[in-house]
Amino acid sequence: MSATKEEISAFMALEFPQTKCIVEAVSENGATLSHEIGIDELRPGGTVSGPVMMAVADVAIYVAILGKIGIVPLTVTTSLTINFLRKPSADARIIAKCTLLKVGRALIVGEVSLYSEGSDDVVAHVVGTYSVPPKRI
């Protein structure tokens with residue numbers, strides 16, 4: 001059972017209204033999100049803060065998982081590793097492209113590449129694992 005972009009967007013608006021992430025696309029094994037960058041997302045030195053990039057990646061994996069398995073709210077992050085590769089633009093949206101690498105019954109692993117909009121250079125690479133709650137019979 002999977003969920004559509006529209007179903008996931010409605011779920012996120014209701015259950016996670018504080019996120020600034022926009023669901024751009026949901027596919028069979030992935031998702032693309034964007035996040036506007038403003039003064040609140042910057043750290044000293046005029047770059048996007050690490051916590052913002054981590055949050056965008058985390059939400060991208062969550063959305064990709066919901067697209068694959070359907071709306072399962074208690075699917076939770078168990079690990080998240082990020083490699084910051086280059087300075088993102090302070091004037092462009094962050095784009096997250098997620099691909100699910102392994103979808104098991106209990107654990108799902110996803111990979112995210114983060115970009116500054118308008119550039120093909122990856123600014124951060126993220127791998128995350130989520131735990132899926134067991135189905136109740």
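On one side of helix 1 (residues 5-15), E6, A13 and L14 are exposed, meaning over 50% relative accessible area with a 1.4 Å probe and protein chains only. This is a predicted model, in which local features need pLDDT of at least 70, side-chain atom pairs count only at pLDDT 80 or more, and totals for chains, interfaces and linings use all residues. Residues are numbered from 1 along each chain as its sequence is written, and side-chain values use heavy atoms, with hydrogens and water left out.

Which residues of helix 1 are buried? They are I8, F11 and M12. Buried means under 20% relative accessible area; partly exposed lies between buried and exposed. Seen down the helix axis, these residues fall within an arc of 100°, so they line one face of helix 1. The arc is taken over the directions from the helix axis to the C-beta atoms. An α-helix has 3.6 residues a turn, so residues three or four places apart point the same way.

The buried residues of helix 1 pack against strand 1 (21-27) and helix 2 (50-69). Helices (H or I, at least four residues) and strands (E, at least two) are DSSP runs, numbered from the N terminus.

Helix 1 and helix 2 pack at an angle of about 130°, with their axes 10 Å apart. Axes are lines fitted to C-alpha atoms, for helices over the stretch in contact, and angles run from 0 to 180 degrees between N-to-C directions. The two helices are therefore oblique to each other. Angles under 35 degrees count as roughly parallel, over 145 as roughly antiparallel, 65 to 115 as roughly perpendicular, and the rest as oblique. I8, F11 and M12 of helix 1 make the contact with V59, Y62, V63, L66 and G67 of helix 2. Contact means heavy atoms within 4.5 Å.

| Residue | Place | Relative accessible area |

Leaving aside neighbours within four places in sequence, S49 is in contact with E41, L42 and R43. P134 and R105 are 29 residues apart in sequence, and their C-alpha atoms are 7.9 Å apart in space.

UniProt lists residues 45-120 as "domain: Thioesterase", in an unreviewed entry. Its positions are in the numbering used here, feature names are shortened, and annotations may be inferred rather than shown by experiment. Over residues 45-120 the chain is 26% helix and 41% strand. The end C-alpha atoms of that stretch are 22 Å apart.
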